[in-house]
Number of protein chains: 2
Amino acid sequence: MPTITAFKSSPDRGMGLARDMPVRWAFEEVGQPYDVRLVSFTEMKEPPHLRVNPFGQIPTYEDGELATFESGAIVFHIAESHSGLLPTDKIARANAISWMFAALNTVEPPIVERDYVKYFEEGKSWQGERFTMVDERIRNRLDQLAAWFGGANWLVGTFSAADILMIHALRRLEGSGILEDYPTFRDYIARGTERPAYKRAFEAQYAVFSRSSSSD
Amino acid sequence: MPTITAFKSSPDRGMGLARDMPVRWAFEEVGQPYDVRLVSFTEMKEPPHLRVNPFGQIPTYEDGELATFESGAIVFHIAESHSGLLPTDKIARANAISWMFAALNTVEPPIVERDYVKYFEEGKSWQGERFTMVDERIRNRLDQLAAWFGGANWLVGTFSAADILMIHALRRLEGSGILEDYPTFRDYIARGTERPAYKRAFEAQYAVFSRSSSSD
């Protein structure tokens, strides 16, 4: 059975925004049981973890001889090894893979940058101006994505691994006030998070938070 | 023959830092001829281009019925459709794919952010402080990557698509003064850029710049 790593104490306090969440979701969609090894912030920076993830991040993925990292790559590996997360048609499959990369390399970066403004530029005189600048970058991407989306349910016709990564990226905007201006994405996120597989994954990561906070 | 798009007037003035470069390099490595359609900044934001790339960026990739986008995904598509850019061993292949995602989603984002500081925060009183902050994020990633790299030549044993994406990301630091502190990456970039396939790709994109600047 594959084993992934996740935060022993998730900084998001059980909101399911850490990067083990898309991997858990992918496992649940394809019905693949998995184990989770929880790691502390100290353990993440120590040699045994760094040998699997040189950047000291979660999640990692270990299964027999394979020990690898990067949530996008792990989701892709799960999608490639099971049916249900990538279309079988060659054209649709290539498009789904394009959207996986687009979620991580085009849509997500300004969203992650917003967290840097929020947490690392707090107290700076220019934090407000930076929020304005980065929010403009985010809205530009969301406008383009919404225009393309139109009335579609999913990125490439049927639900795919690309939706897992895109919805995960968009959910990081919850609480920012930005999603409220995009009913397209409010509905899209709701469609994703109402899936039984999402709910099981969410509960599993939430249980880690509950246990860790009750033992505080 | 596949057709990609590239900038009619590249903002990097022929330095090969635009995202058509990794795609050209991948084509050259596998010996796949390709056509290039040059697009202006105006054309990139117009419906025909947006139908292929909703974010109005280059490159796109069109081949028969397949019309797709995202440089990482295009490099992966080329690597999957030809031999030579992904290991055939299953474990090594999965690791190479992890490094493709790591190049784009872990190493590259702070490097791209540095360009935002440089170009969009020029004249701001806080630009210097922001450079310090983002350079620390970049150096943290480079320290981790260098520690992992050790004396290796390539990310996963033999040259792969992951090296194309990683070297492209690292090359964006040329001129920043940061690479000078990392002989590991100076040597790694040199190994990549000395490859005949890289040189052909570089010359091809440079020729576009030469022609466009002579017709200015």
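## Salt bridges and polar contacts between the chains

Between chain B and chain A there are ten salt bridges, a salt bridge being a side-chain nitrogen of Lys or Arg within 4 Å of a carboxyl oxygen of Asp or Glu. The model is predicted: local features need pLDDT of at least 70, side-chain atom pairs count only at pLDDT 80 or more, and totals for chains, interfaces and linings use all residues. Residues are numbered from 1 along each chain as its sequence is written, chains are lettered from A and ligands numbered from 1 in the order in which they are written, and side-chain values use heavy atoms, with hydrogens and water left out.

A search of the whole structure gives 38 salt bridges over all chains. One of the salt bridges links B:Arg130 to A:Glu121, with an N to O distance of 3.7 Å. B:Arg130 belongs to helix α6 of chain B and A:Glu121 to the loop between α5 (90-120) and α6 (127-149) of chain A, so the pair joins two chains. Another salt bridge is formed by A:Glu113 and B:Arg137, whose closest N and O atoms are 2.9 Å apart.

## Composition and extent of the interface

On the side of chain B that touches chain A, β4 (66-69), α4 (71-81), α5 (90-120) and α6 (127-149) of chain B each supply at least two residues. Helices (H or I, at least four residues) and strands (E, at least two) are DSSP runs, numbered from the N terminus. The most is given by α5(B), with 17 residues. This side of chain B comprises 22 nonpolar, ten polar and 13 charged residues. Here Ala, Val, Leu, Ile, Met, Phe, Trp, Tyr, Cys and Pro count as nonpolar, Asp, Glu, Lys and Arg as charged, and the others, Gly among them, as polar.

The contact (heavy atoms within 4.5 Å) takes 46 residues from chain A and 45 residues from chain B. The two chains bury about 4,200 Å² between them, 59% of it on carbon and sulfur atoms; buried area is the accessible area (1.4 Å probe) that two parts lose on being put together, summed over both.

## Annotated domains of chain A

In an unreviewed entry, UniProt lists residues 7-86 of chain A as "domain: GST N-terminal". That span is 38% helix and 18% strand, and its end C-alpha atoms lie 28 Å apart. For residues 89-214 of chain A, the unreviewed UniProt entry gives "domain: GST C-terminal". Residues 89-214 are 75% helix and 0% strand, with end C-alpha atoms 48 Å apart. UniProt positions are given in the numbering used here, feature names are shortened, and annotations may be inferred rather than shown by experiment.

## Hairpin and backbone features

In chain A, strands β3 (residues 60-63) and β4 (residues 66-69) pair in the antiparallel sense over four bridges; pairing requires at least two DSSP bridges between two strands. A:Glu62 has A:Ala67 of β4(A) as its bridge partner. Two residues lie between the strands of this hairpin, in which A:Gly64 takes a positive phi near 60°.

Most residues other than glycine have a negative phi, and most peptide bonds are trans. The peptide bond from A:Ile58 to A:Pro59 is cis, with omega near -5°, and A:Pro59 lies in the loop between α3 (47-50) and β3 of chain A. In chain B, the bond from B:Ile58 to B:Pro59 is cis, with omega near 0°; B:Pro59 is in the loop between α3 (47-50) and β3 (60-63) of chain B. B:Arg13, a residue other than glycine, has a positive phi near 55° and is placed in the loop between β1 (3-7) and α1 (20-30) of chain B.
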